[in-house]
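Here is a short note to read with the model open beside you. Take the points one at a time and find each residue as you go.

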Amino acid sequence: MTVSSNFGTYQINVKTDAVLVFSYLGTKTVEQKINGRTTIDVKLQDDANNLNDVVVIGYGQTVQRKDLTGAIASLKGSEIAKTPVANVAQALQGRMAGVQVTMPSGDPGSTPQIKIRGGSSITQSNEPLYVVDGVPQTDGLAFLDPTDIESVDVMKDAASTAVYGARGANGVILITTKQSKGGKTTISYDGYVGVQKAPKFLPVLSPYEYMLYTYENSTRDATRAQKFLTSFGTFESLATTYGNREGINWQDEIFGGSASSQYHKIGINGGSGDTKYNLFYSRNINDGLMLKSGANRDIAKLAVTNNPSKKIKLNGIVNYSNQKIYGSGGTQEGGNARLSMLQTLLQYRPVNLPNVSDVGLIDDVLDPLDDAGNPAFQSPIVTINTRLRDQRIRSLNANATARYAISNKFTYNGLVGFTNTSRVDKTFNDSESITAIRNKGASGGIITTFNNRFNYNNTLTYSDVYGKDHKFDITIGQEYIYNYSESVNANATNFPNVNSGWNNLGLGTVAGFPSSFAEEDKLLSFFTRANYSYKGRYIFAGTLRADGSSKFGEENRWGYFPSGSFAWKVTEENFMKSLNFLSDLKLRASYGTSGNNRIANYAALGIFTSGQYASNTSILPTVFQNSLANPFLKWEAVKATNIGLDIGLLKQRIALTVDWFDNRSKDLLYNTRIPASAGFTRQFQNIGSTSSKGIEFTLNTVNIKKSDFNWSTNFNITFNKTKVLKLSDGENSLMTSSYNNSYQDYILQVGQPVGTMFGYQQDGLYQVSDFNYDATAKTYSLKQGVVQDAIAVQPGYIKFKDLNGDGKITDADRTIIGNANPKFSGGINNTFAYKGFDLSIFLNFTQGNKIFNANVKNNLAIASDFSNNLAFQADRWRTINAAGQVVTDPAELTALNQGRNSVASILGNTSGRMYDNVIEDGSFLRISNVNLGYTFPKRWLEKVKIANARIYVTAYNLHVFTNYSGYDPEVSVIDNAITPGVDFSAYPRPRSFVAGINLSL
């Protein structure tokens, strides 16, 4: 057997009367008799029948799709390469049923969050296990080049994932990178250049609306009124001075430019006889939308295959990546909600004093109108130049595999892998940064973290065919994984104004307490997998795995994960032979158990931690135990049922896959409350269970197939519901906080989904008619029978619904106000080919999920006397009339606010409560990717000795149809299973356009 080069050339030594069989994924197999010829060329035709596609199922084994018994979705690397993204995971968005990919924000280096079938854990990671070329990975896919992917296979049901045991509960993503195809040495180049723009800005008050807003705020007392008068003049002058003033759009200043991106990759592929190689180097330069930010990445890879004999095949891969992420820390950086970069962009005043140019605001180190004793605002441009962040991530992944055909029936597969990752995070706040000014001095620090992973596995497979009807194989295997991590943190403050930043922390006159840690964990596993097929009609598969982990309590070190599955290929029955239009009809069923070991290494132990305490005038270090040991801590486990149906019509021109699933987790890990008599108030325990049920549809069609024109469509949609089944004994609900620990805004409640938003329901505003008016004192008092709040309310204050009917607003009036989980999600891809042209249009969608727009919540009240706000505040309840006079008369106040019953007055919504009006519909339809390419005819290229050339243009994130008011509806900035769907200070997601070329010599 041999493999052709990228351009189809091959060499093979066979007898003159032999028959050559040509095959390739997605094409029809062709047989040619040699008949003494020395050169044989064939053209492989596309095959709409995908039943013979090979699917990776782990540990060196593959099966044809027609023989699958589990739920596995696949995606070809050619589709991934069409999407100009830096991370492979991002290219999976909307491509496969049951696989939900969310970008937490649009900043360079942002890591996609993936959940398969809704996830199952409430406190631990719901990220799937990644297996790249047989090596398990838990740190994402940033080290991979998206154009180096051969295929992606996603295991979704327990029958498929149980072979990975304690790591398979969240699903498994198997990634196969491109290997050497041998043949004549070829050189290839792939590259593109592009530009990125922010699709939209969040609307804020215009300069004149801002002046009216701050003026109205100043009427609260004489001191504020005098400061406003001194700064901006009389109310009567505002329209003249600021009515037509453009002011500074801070979002435009920071995000409004065009950011460039470029990608270059050069590869060498070749080899002949027993040794083949593939080598490439790529560089990705991606400037961020925010000024002076970006992410650069270099990747180099060498893959070598050697066949020292007919029975032995050796393969080695070395992949090195070096990523740099730089800037001012993104839009969430700042230390707290008040000081984050995005909130500064929204709240910093857009205009200067009457006779001072607004451009002068750009250079202001401090806002002269701010509170000098506790400043919060400075020019965002100054912040970007003085708040420095730099992150370097270097990763080395090396593995070697060996396959030895001991006999016709026994095959050995072995793998050894090593991964080394180093990460260095540098921060420095120069003396002019707002952080340094507030903390009375410049500060900086460096955190260095190293991770090493060593793993090896061995499998022995026996396969045989008994008679013509019975096909059987069984694999036994063993795996060992060792992880080691260490980290050092050094920091200092009070640097002199002239300094070397993080390059010399020794210049800081006050050294912080250094910290460090080192930890390790081990996993030892034994597993077996067996498959049996009778007449190719009835297929049975079973898996059993035993995992022993150092992470868990000494009473529960080992976990056992069995699974079984069955498939009935109905079309193989004799009574179906007459139905020629039906090319595939298969029923599948599976049940199994898998685990989740994504917990801290020493959670089962009583951990000591460091701290400080004050003694007279000194700060002294201390060590104390902060957790109670639990020797019975054990695995989170998921028991999953899957029933599937595969239908193929017209020789797979139409192929439909339907899967119904029911995943039930148990023994969920949670830091739950315990009696204080134990000496601690909380302990990690296995306390509860959840469920995730749903149905998935995948439809692939070949709509038109002609010699010069093809059109195919891939469509998938998933309906999924999660539910909390049980919490710890005696508890029906648990409250938690999202972006601000001062408020509890999410609830974990039995019978409700995971990701439920909890708060009050608005009942409009308090109207003048709700009050008695004292004309002498000019004061309002609430009428008897009108719902009371904890504060003294006035007309124009926000009113909440009294759900329990006690006449007052308390915590008991909170209720469920949103669910972050979509009712359904999916994607559709249309691919067209006409002669040398190819066009693909990909859309993805989500329906029914809610987003907690914390940007709105954070701007319900004025942040400071001269801060700006979001544009919705223009519709607020007013307390001044057109002449700038404070209105107290009931009739005039009623007329002034006719129809205003939603946005409270400036002082009317300061409690910080979570309520339903900050919950928005997150449904969307996105034109995600449009790719148009042209492949030059071979006859043109032969004249200039070029083997292959394709040019293309791609538009990414072209448009989003949504009612969501934020930057982008696909957002979730809190990496926590309980609090998804939070949008607070998220970085805008760019719209990008690229032009590229694929060239081979």
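1. Which residue in S33 does Ser733 stand opposite? Opposite Ser733 is Gln749 in S33. Before going further, please note that this is a predicted model, in which local features need pLDDT of at least 70 and side-chain atom pairs count only at pLDDT 80 or more, while totals for chains, interfaces and linings use all residues. Residues are numbered from 1 along each chain as its sequence is written, and side-chain values use heavy atoms, with hydrogens and water left out.

2. Let us stay with that strand. Strand S32 covers residues 733–736, and strand S33 covers residues 746–749. Helices (H or I, at least four residues) and strands (E, at least two) are DSSP runs, numbered from the N terminus. The two strands run antiparallel to each other and pair over 4 bridges; strands pair if DSSP finds at least two bridges between them. In a regular strand the side chains alternate between the two faces of the sheet. In S32, Leu734 and Thr736 make up the covered face, while Ser733 and Met735 make up the uncovered one.

3. Now widen the view to the sheet. Four strands form an open sheet in the order S32-S33-S34-S39, with antiparallel pairing. S32 and strand S39 (815–819) are the edge strands, each pairing on one side only. On average, neighbouring strands are turned by 40° against each other, direction ignored; the axes here are lines fitted to C-alpha atoms, for helices over the stretch in contact, and angles run from 0 to 180 degrees between N-to-C directions. Strand S34 (residues 756–759) and S39 are joined by 4 bridges in the antiparallel sense, and Met757 has Gly818 in S39 as its bridge partner.

4. Met757 turns up again in the largest nonpolar core. A nonpolar core is a set of buried Ala, Val, Leu, Ile, Met, Phe, Trp, Tyr and Cys residues joined through side-chain atoms within 4.5 Å. Buried means under 20% relative accessible area, exposed over 50%, and partly exposed in between (1.4 Å probe, protein chains only). This core has 62 residues, and those touching the most other members are Trp250, Phe255, Met757, Phe852, Val918 and Val982. Elements that each supply at least two residues include helix H6 (250–255), helix H7 (341–347) and strand S42 (850–853). H7 gives the most, with 4 residues. There is also a second, separate core of 24 residues, with Leu75, Ile116, Tyr130 and Val154 among them.

5. Next, look at the rings. The whole structure holds 34 aromatic pairs. Rings of Phe, Tyr and Trp (its six-membered ring) pair if their centres lie within 6.5 Å; planes under 30 degrees apart count as stacked, over 60 as edge-to-face and the rest as tilted. Trp250 and Tyr348 make a tilted pair, 5.1 Å centre to centre with 45° between the planes. Trp250 lies in helix H6 and Tyr348 in the loop between H7 and H8, 98 residues apart. Both residues are buried.

6. Are the rings of Phe697 and Phe719 stacked or edge-to-face? They are edge-to-face, at 6.5 Å centre to centre and 90° between the planes. Phe697 belongs to strand S30 and Phe719 to strand S31 (residues 709–726), 22 residues apart. Phe697 counts as partly exposed because its relative accessible area is 29%, and Phe719 is partly exposed at 33%.

7. Strand S30 (residues 682–705) also holds Ser691. Why does Ser691 count as buried? Because its relative accessible area is 7%. Beyond its neighbours within four places in sequence, Ser691 has contacts (heavy atoms within 4.5 Å) that include Asn663, Arg664 and Lys721.

8. H3 is mostly covered, with 10 of its 12 residues buried, among them Tyr210, Tyr213 and Tyr215. The buried residues of H3 pack against helix H4 (222–232) and helix H5 (235–242). Tyr215 also joins a cluster linked by ring pairs, together with Phe228, Phe232, Phe235, Tyr242 and Phe866.
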